[in-house]
Amino acid sequence: MNSSLEFASYIDKLPPACIEAEEGILGGILLDSNAFIVVDSIIDVEAFYVNAHQMIYRAFKSLYKEERTIDLITVTDWLKTKGKLLEVGGCNKLANLQDRVVSTVNIDALAELVAEKYFRRKLIYLGHEIANRGADQLIKTNDYFEKAKKEFETLFDSAISINGPDKVSCK
């Protein structure tokens with residue numbers, strides 16, 4: 001096995017993400033605020049790959065927690081108040097997210113897709129961390145294996161939803 005060449009081939013790949021699914025989720029919630037409850041039971045803020053999407057979802061979470069309506073106006077106002085509106089792309093970005101969605105029927109499937117991509121990114125990150133620690137000659141081999149095993153088990157356990165091992169959740 002020529003591990004240096006095999007490892008190098010993974011470095012140039014983009015991390016797993018589905019931007020269209022993220023946009024579909026955000027637009028769906030802007031279209032129907034009840035969809036937030038469904039999505040929030042599957043993923044959290046960190047599952048979104050795009051930083052602007054994380055900020056928008058944070059607005060949703062905050063508005064929901066404050067028992068306020070989640071819609072284009074309230075989200076725009078929340079982001080403006082926090083000084084984040086331009087960072088997410090402005091009013092046009094939010095309006096475009098909402099306009100691109102016609103239904104929230106499959107929003108749970110979109111959330112599961114985003115959760116899977118997030119889980120894969122976490123798995124890749126953990127793999128890199130373990131590889132870096134593997135090069136540290138000061139760590140005892142048994143300690144190294146035990147810690148790696150625990151970290152993979154923790155990641156796996158956190159990704160299994162109540163629906164069973166075929167579906168992952170990022171909650």
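Predicted model: local features only at pLDDT ≥ 70, side-chain atom pairs only at ≥ 80, totals over all residues.

Trainee: What does Arg100 form a salt bridge with?

Mentor: With Glu23; the closest N and O atoms are 2.6 Å apart. A salt bridge here is a side-chain nitrogen of Lys or Arg within 4 Å of a carboxyl oxygen of Asp or Glu. The pair links distant parts of the chain, 77 residues apart: Glu23 is in helix H2 and Arg100 in the loop between H7 and H8. Helices are DSSP runs (H or I, at least four residues), numbered from the N terminus.

Trainee: And is Glu23 buried or exposed?

Mentor: Glu23 counts as buried, because its relative accessibility is 13%.

Trainee: How many salt bridges are there?

Mentor: The count comes to eight salt bridges. One of them joins the side chains of Glu151 and Arg133, at 2.9 Å from N to O. Glu151 lies in helix H9 (residues 141-159) and Arg133 in helix H8, so this pair ties together parts that are 18 residues apart in sequence. There's also a network: salt bridges that share partners join Glu23, Lys93 and Arg100.

Trainee: Back to H2. Why is H2 called largely enclosed?

Mentor: Because ten of its 13 residues are buried, H2 is largely enclosed by the rest of the structure. Those buried residues pack against helices H3 (35-40), H4 (51-65), H5 (72-81), H7 (90-99) and H8 (107-134).

Trainee: What does Ile25 touch?

Mentor: Leaving out residues up to four places away in sequence, Ile25 touches Val39, Ile43, Phe48, Ile107, Leu110, Ala111 and Val114. Contact means heavy atoms within 4.5 Å.

Trainee: Which residues have the most contacts inside the largest nonpolar core?

Mentor: Ile25, Ile29, Ile43, Tyr57, Phe60, Val75 and Leu79, in a core of 34 residues. H4 gives the most to this core, with seven residues. A nonpolar core is a set of buried Ala, Val, Leu, Ile, Met, Phe, Trp, Tyr and Cys residues joined through side-chain atoms within 4.5 Å. A second, separate core of six residues includes Phe119, Leu126, Ile130 and Leu155.

Trainee: Is His53 buried or exposed?

Mentor: His53, in helix H4, counts as buried because its relative accessibility is 1%. Among the residues that His53 touches are Glu22, Glu23 and Lys93.

Trainee: New topic: how many disulfides?

Mentor: Zero disulfides, by the rule used, which asks for a pair of cysteine sulfur atoms within 2.5 Å. Cys18 counts as buried at 17% relative accessibility, while Cys91 counts as partly exposed at 41%.

Trainee: Last one: where does pLDDT stay under 50?

Mentor: Over residues 1-5, for which the model has one contact beyond four places in sequence. pLDDT is the predictor's confidence in each residue, from 0 to 100. The protein chain averages 87, and 85% of the residues score at least 70.

Notes:
Residues numbered from 1 in each chain as written. Heavy atoms only, no water. Buried < 20%, exposed > 50% of the residue type's maximum accessible area, 1.4 Å probe, protein only. Helix = DSSP H or I, 4+ residues; strand = E, 2+ residues; numbered from the N terminus.
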